[in-house]
Amino acid sequence: MSTKIGHFEILSELWKSPTSTVYKANDPESGQTIALKAIQLSAFGESAAALEQALLAEAESTKVLSSPNITNVNGAVVIEGQFCAAMEYIQGNSIATMLARKEGFSIWDLLDIGRQLCSGLEHAKSHSMVHYSLEPSKIMCGWDGTTKILGYGVSGVGNFVQHVSEGVPSILYYMSPEQVLGDVTDGRSNLFSLGAMFYEMVTERKAFDREDAETLRQSILDSTPVPPLHMNPKVHPLLSDLIMKALAKDPAQRYQSGRELLDDLEKCKEARDRKSTRLN
C-alpha cells in the first residue's frame, strides 16, 4: 500500500469494499489525524463522471450540517481517479464491527443508539438532506459514548450502486424500496434503513439477504421479512412490531419521523422494565 494519497499520509486501512477504502491518515496541512474515504470512480463505469459531480455537490451542500451525531466531510478532492473525502477520525467501533463480533445488543443499546441516530437524521432532515448509503458500517459508536453517522457528503454513491458490476454492494442490503426503484426519497427512507439495521441487531440476520444484486432488489421490493420475534424468541413483541413498521414497503405506513420511532422504542423499554425480561 502506498504511504501517500495526494498529500495525505496513510497510516492504516480501516475498512474496504469493492468500490472504496477508508484509511486512517494524517493531514499535514491541518496536522490532524483523519479518516480518508477513497472511492474508486472507475468501478462505476460510464457513470463515473456523473458520480464525481454528484459527490462534489453533496460534499459542498452538507457543510451546513452541525450535529454532534453527524461526522462532516471536511474536504473533498479527486486524486488519481479516486474521490477522496477527509472526515473526522473517530475512535470506537462501527455497528458493522459489533455485528461481525456477535456482541449482541440490549434494549438499552438500541435506545441509546436509536436516540442519537434519530437526532442526527432529524437534523439533516431539517436541512432537506437524506443519507443515500446508510448501513451498519456508517454508524460509529465512539468510545466516549457518542454515536455518529458517517458519510454525509459522500452518501450519493448509494444512488449509483446499480452500475457496479461485481458483487453485491453492502449498501444495497439496507436500501428502501423507493431508493431501489430510483424514486424520490425523504427521511422515511433512512428510517427504513434504520429498521433493517435494528432487524439485524436483534436477529443476527439481514432483513433482506440474497446472493446477487438483482434478486436482492426484488426481495426488498416484494418480500416481507419474518418478524424478529419469530427469529429470536427473546425479542419483545413491541420491539418486533416496531421494526416491522419501520420496514413497511409504503413510506406512508412507516414512522413519519425519528421522534415517532423513538417514542415507540421508549415504550418497548418500559414494557421490558415491567416484565423484567430481556427484549433481545
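Which strands and helices each supply at least two residues of the lining of the largest pocket? The structure is a predicted model, in which local features need pLDDT of at least 70 and side-chain atom pairs count only at pLDDT 80 or more, while totals for chains, interfaces and linings use all residues. Residues are numbered from 1 along each chain as its sequence is written, and side-chain values use heavy atoms, with hydrogens and water left out.

**View 1. The open sheet of six strands.** With antiparallel pairing, the strands follow the order β1-β2-β3-β4-β6-β5; strands (E, at least two residues) and helices (H or I, at least four) are DSSP runs numbered from the N terminus, and two strands pair if DSSP finds at least two bridges between them. Because β1 (4-5) and β5 (73-79) stand at the edges with a single partner strand each, one side of each is left without a neighbour in the sheet. Eight antiparallel bridges join β3 (residues 20-27) to β4 (residues 32-40), and Asp 27 has Gln 32 in β4 as its bridge partner.

**View 2. Helix α1 on the sheet.** Helix α1 (residues 48-61) lies across β4, β5 and β6 (82-88), and runs at about 160° to β5 (axes are lines fitted to C-alpha atoms, for helices over the stretch in contact, that is, with heavy atoms within 4.5 Å, and angles run from 0 to 180 degrees between N-to-C directions).

**View 3. The largest pocket.** A pocket is an open set of points on a 1 Å grid over the protein atoms alone, with protein on both sides within 12 Å along at least five of seven lines, and lining residues have an atom within 4 Å of a point. The largest pocket holds about 480 Å³ of space, a volume being the space filled by probe spheres set on the points, which are joined across faces, edges and corners. β2 (8-16), β4, β6, β7 (92-94) and α2 (95-100) each supply at least two residues of its lining, and β7 gives the largest share, three residues. Of the 23 lining residues, Leu 14, Trp 15, Val 22, Met 140 and Leu 150 lie nearest the centre of the largest pocket.

**View 4. The largest cavity.** A cavity is a set of grid points where a 1.4 Å probe fits but cannot get out, and a search of the whole structure finds one cavity of 30 Å³ or more. The largest cavity contains about 170 Å³ of space. Among its 19 lining residues, Ser 17, Thr 19, Ser 20, Pro 169 and Ile 171 lie nearest the centre.
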